[in-house]
Amino acid sequence: MANETSKRENTRERALVKKSKKENILAFCYDFDKTLSPEDMQAQGYIQRLGEDVNAFWKKSNELATKNGMDPNLAYMFMMLDGARDKFYVNKNELREFGSRVKLYNGVETWFDRVNEEGRKYGLTVEHYIISSGIKDMIEGTAIGKQFKAIYANTFYYNKGGSAVWPAMVINFTNKTQFLFRIEKGALDVNDPNVNTYYKSSEMRIPFSNIIYIGDSATDIPCMKLVNSFGGHAIGVFDPHRNDRSQVYKLIRDHRIRYFAPADYSEKSHLFSITKDIIAYIGAGTKLRRLTERFEEESEHALECDQSPVGQHMNYKDPDK
């Protein structure tokens, strides 16, 4: 009988240790325009190629949306294709070429390696995601396009000849939030129905407490609010040259973000300093959460098996070792 009890305890301990070794992942989720880049991506070559004034293009796009009860993203995507007619073919390669000209804020190109290293110090694997109302193929063409595990942004449907003919995916400020749930559950494919599947909190691939969302304006509010509400961290950024803080002040006042900083991603920046502190905080919280999960599993198992609570508790073990 003693041997059977010992075997059960050894099996249980191995299962708990295996669970405690589950990969600890930290997700950075970014808006793109005015967050990683100082201007709208379409205004850094594409609109000019149409022969349009940038401000006039956006004014006409907004009017088109308003007059026709149209999603603003669909309006500007229509104008991108309609304006290019008889001028040039819109295809993936062309859009990626325009993306390669997109300017980035100071320090963005080296940001990813630095935060990845900070994560490793605390036993965290860092992943990066884009959730944007910009154009996915343009973002893929930027200098940082390969840094992201997934890019959620507007896309075109391409015909057999490779030309863009119709919107395939449109992401506006409200439906951005679905992608946070996809990241949380690991259902990254946009057609994966598991985004609606119920999981225990301990089964989430990346809990919201391990998500950092970085954005710049009111269009990020739904994502910021969601991340904050579930224990994550939302950071507002503003252009360091314009130094217009009106948006981040409103976001702080309305409890959409907890922190803000100039959009300077360099090593000595205020933004990087805040991020390092958040990573350290998440690292400690992750370790404690894993420990809680071990205790919950031990208690659940003992109660299900009607075991005596006396003398059954395993000694404390670091959940990350």
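Analyst: What follows is a set of questions on a predicted model, with answers that set values against cut-offs.

User: What makes up the protein, in helices and strands?

Analyst: The protein has 11 helices and seven strands. It has 321 residues, of which 47% count as buried.

User: Why is Cys223 called buried?

Analyst: Buried means under 20% relative accessible area. Cys223 has 1% relative accessibility, so Cys223 counts as buried.

User: Why is Cys305 called partly exposed?

Analyst: The label covers values between the 20% limit for buried and the 50% limit for exposed. Cys305 stands at 37% relative accessibility and therefore counts as partly exposed.

User: What makes helix 8 count as mostly covered?

Analyst: Helix 8 spans residues 177-185, and seven of its nine residues are buried. These are Thr177, Phe179, Leu180, Arg182, Ile183, Glu184 and Lys185. Their cover includes strand 1 (25-30), strand 2 (125-135), strand 3 (150-158), strand 4 (164-169), strand 5 (211-215) and helix 9 (221-229). Just after helix 8 comes Gly186, with a positive phi of about 80 degrees.

User: What lines the largest pocket?

Analyst: The largest pocket has a volume of about 650 Å³. It is lined by 25 residues, and the closest to its centre are Asp33, Asp40, Trp58, Ser133 and Thr219. Helix 3 (54-67) supplies the largest share, five residues. Helix 3, helix 4 (72-84) and strand 2 each give at least two residues to this lining. By type, the lining divides into six nonpolar, 11 polar and eight charged residues.

User: What lines the second largest pocket?

Analyst: The volume of the second largest pocket is about 310 Å³. Of its 17 lining residues, Leu81, Asp82, Arg85, Ala164 and Val165 are the closest to its centre. Helix 4 gives the most, six residues, and strand 4 supplies at least two. This lining divides into 13 nonpolar, one polar and three charged residues.

Conventions:
Residues are numbered from 1 along each chain as its sequence is written. This is a predicted model: local features need pLDDT of at least 70, side-chain atom pairs count only at pLDDT 80 or more; totals for chains, interfaces and linings use all residues. Side-chain values use heavy atoms; hydrogens and water are left out. Helices (H or I, at least four residues) and strands (E, at least two) are DSSP runs, numbered from the N terminus. Buried means under 20% relative accessible area, exposed over 50%, partly exposed in between (1.4 Å probe, protein chains only). Contact means heavy atoms within 4.5 Å. On a 1 Å grid over the protein atoms alone, a cavity is a set of points where a 1.4 Å probe fits but cannot get out, and a pocket is an open set with protein on both sides within 12 Å along at least five of seven lines; lining residues have an atom within 4 Å of a point. Grid points are joined across faces, edges and corners, and a volume is the space filled by probe spheres set on the points. Ala, Val, Leu, Ile, Met, Phe, Trp, Tyr, Cys and Pro count as nonpolar, Asp, Glu, Lys and Arg as charged, and the others, Gly among them, as polar.
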